[in-house]
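This briefing goes through one protein model, topic by topic. Please keep the sequence and the structure in view while reading.

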Amino acid sequence: MKQSNLKINFLLSTLYQVLHLVTPLITAPYIARVLHSDGVGIYSYTNSYQMYFSMFAALGTVSYGTREISRNRENKAMYSKLFWEIECLTVLTTMISLIAWGTLILANSKYRLCFIALTPSILAIMFDISWLYIGLEKFVYTVSVNSLAKILSILALFTFVKKETDVLVYIFILSVTVMIGNATMWLFLPKTVDKISFKNFEIKRHFKETLIYFIPTIATSIYTVLDKTLIGAITSDNNENGYYEQATKIVNMAKAVTFTSLNSVLGSRISFLYKEKKYTEIKQRIGMSIDYILFMGIGICAGIIAIADTFIPFFFGKGYEGSISMLRLLSPVIIIIGISNCLGSHYYTPSGRRSKSAKYIVTGSIVNLILNIILIPMFRGNGAVIATILAEGTISFLYFANCEKIIDCKILFSKIWKKFAAAIVMWGVLVFINDMRMNALAKVACELFIGGSVYIVILILIKDSFVGYVANKFIVKIKKATKEGK
């Protein structure tokens, strides 16, 4: 099989992440003002229940399937067989989840209609074959389909969500567009995999393997989903969940820019490199990934802390002041999760150490659950934020401490301190701009442009490793283009 171009795949994945980022930038201010914090909170609370059922339906097939397809991508007959085995398992687990979901719908009268509207999200799991294309590094298929689904959802939201009572419509649109996007991926399947005989199917062995991936998924849900469930259950306040939902929405957008596209592309490539035993290249790629994540994460974190009180009212409108403190407290998670996510997708999963990483994730989830129960009654949504930070910090520490020196402490420190120094200078500049009297839009625009410029200029002056690497690459390309022009 012809090796995919890593730069093109990274560009495609980044373009999709940009669209993934732009979508809430377009829709979130509108939805926040139409549905208000109460309506957003209802969606956040009910969607947290749907996530549990979707996670069981998926088991660990996305991570496991990506790894298995990637490892066997040179053998079409083998990866075709693997695809159909894993997909049949997903269909089976999805059907079981839907039956259990139906029981919840019948048992809960208060949010019954919301749960019905969320049903396509669970059904979408059986159609999700993105792991096949990611494993084969055919990102053009996943990017094109998901981009169309995103655009469709934007158009539908602005067309059909018009008033505060349209919460059900909002939930259904988000749910059904995910299903449509996943189902459309099947259009590319005939030219991607071969037809196979179902006589020698081995679904059972895949079930055992996916459980290893499922355990950390469930553990992770304790601090990505359960916090919303507990906020709703403990505080009985949909507004509090609305504040928390909006704060996490901003952080999730920042995470998409910081590391999501990078990890989705390099995870598949590194799985292949492990099979080829190219350990020096693996270490170099992980080092560059960490450097990029720190560059983006530290800068964005400092920026969020500085401009949160200006950005939240400007972006979501009045009534979301409760999100400001949550966003500031939650911002360091961009860096913390960035590091653990990188080590998980670049080291633990490709090298077959998923069961080892699962133990660390379970440890973090236990920390998070205990802290949520203690802190939410005391600090409401802010308590959930504090619990998340401490839990994610625990996981990142365990990941880093046990990665067999794939990243050296001295090297990591050398990458961090310059970025922190530049971020502090940028923060000071942003605080000064924040005190100036000007139009909200103008102020946010100035803060984004000036803050980003100051951060990069300082890094250039103190010769940061990542900025230096990018600058050298750019200079080499300019020189090459100049020579070719002559």
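Among contacts in the protein between residues at least 6 apart in sequence, what percentage join residues at least 24 apart? The figure is 85%, where a contact means heavy atoms within 4.5 Å. This is a predicted model, in which local features need pLDDT of at least 70 and side-chain atom pairs count only at pLDDT 80 or more, while totals for chains, interfaces and linings use all residues. Residues are numbered from 1 along each chain as its sequence is written, and side-chain values use heavy atoms, with hydrogens and water left out.

**Overall make-up**

- The protein has 18 helices and zero strands; both are DSSP runs numbered from the N terminus, helices being H or I with at least four residues and strands E with at least two.
- Of the 486 residues in the protein, 55% are buried.
- Buried means under 20% relative accessible area, exposed means over 50%, and partly exposed lies in between (1.4 Å probe, protein chains only).

**Aromatic pairs**

- Rings of Phe, Tyr and Trp (its six-membered ring) pair if their centres lie within 6.5 Å; planes under 30 degrees apart count as stacked, over 60 as edge-to-face and the rest as tilted.
- By this rule there are 23 aromatic pairs.
- Phenylalanine 53 and tryptophan 101 form an edge-to-face pair, because their ring centres are 5.0 Å apart and their planes stand at 70°.
- This pair links distant parts of the chain, 48 residues apart: phenylalanine 53 is in helix α1 (residues 6-58) and tryptophan 101 is in helix α3 (residues 76-107).
- Phenylalanine 53 counts as buried at 18% relative accessibility, and tryptophan 101 counts as buried at 1%.
- Tyrosine 347 and tyrosine 348 also make an edge-to-face pair, since their ring centres are 4.8 Å apart and their planes are at 80°.
- Tyrosine 347 is buried with a relative accessible area of 3%, and tyrosine 348 is buried with 0%.
- A cluster linked by ring pairs takes in Tyr45, Tyr49, Tyr52, Phe53, Trp101, Tyr111 and Phe115.

**Helix packing**

- Axes are lines fitted to C-alpha atoms, for helices over the stretch in contact, and angles run from 0 to 180 degrees between N-to-C directions.
- Angles under 35 degrees count as roughly parallel, over 145 as roughly antiparallel, 65 to 115 as roughly perpendicular and the rest as oblique.
- Helix α11 (residues 279-316) packs against helix α13 (residues 333-348) at about 160°, with the axes 8 Å apart, so α11 and α13 are roughly antiparallel to each other.
- The crossing of α11 and α13 is right-handed; a crossing has this hand if the near helix is turned clockwise from the far one by less than a right angle, and is left-handed if anticlockwise.
- Residues of α11 in this contact include Ile286, Ser289, Gly297 and Cys301, and those of α13 include Ile334, Gly338, Cys342 and Tyr347.
- The axes of helix α2 (residues 61-71) and α3 come within 10 Å and cross at roughly 170°, so α2 and α3 are roughly antiparallel to each other.
- Where α2 and α3 meet, α2 supplies Thr61, Tyr64, Gly65, Glu68 and Ile69, and α3 supplies Tyr79, Leu82, Phe83, Ile86 and Thr90.

**Buried polar residues**

- Glutamine 246 is in helix α10 (residues 238-275) and counts as buried at 1% relative accessibility.
- The side chain of glutamine 246 makes a polar contact with the side chain of lysine 249 at 3.3 Å.
- A polar contact is a pair of N or O atoms within 3.5 Å; within protein, one must be able to donate a hydrogen and the other to accept it, and residues adjacent in sequence count only if both atoms are side-chain atoms.
- Not counting residues up to four places away in sequence, glutamine 246 touches Ala32, Val40, Phe316, Tyr320 and Ser323.
- Threonine 210 is in helix α8 (residues 203-224) and is buried, with a relative accessible area of 0%.
- A polar atom of the threonine 210 side chain lies 3.0 Å from the backbone oxygen of phenylalanine 207.
- With residues up to four places away in sequence left out, threonine 210 touches Leu59, Gly60, Thr61, Tyr64 and Leu89.

**Positive phi in loops**

- Serine 236, a residue other than glycine, has a positive phi near 55°.
- Serine 236 lies in the loop between α9 (226-235) and α10 and is exposed, with a relative accessible area of 64%.
- Arginine 380 has a positive phi near 55° and is likewise a residue other than glycine.
- Arginine 380 sits in the loop between α14 (354-379) and α15 (381-401), and counts as partly exposed at 33% relative accessibility.
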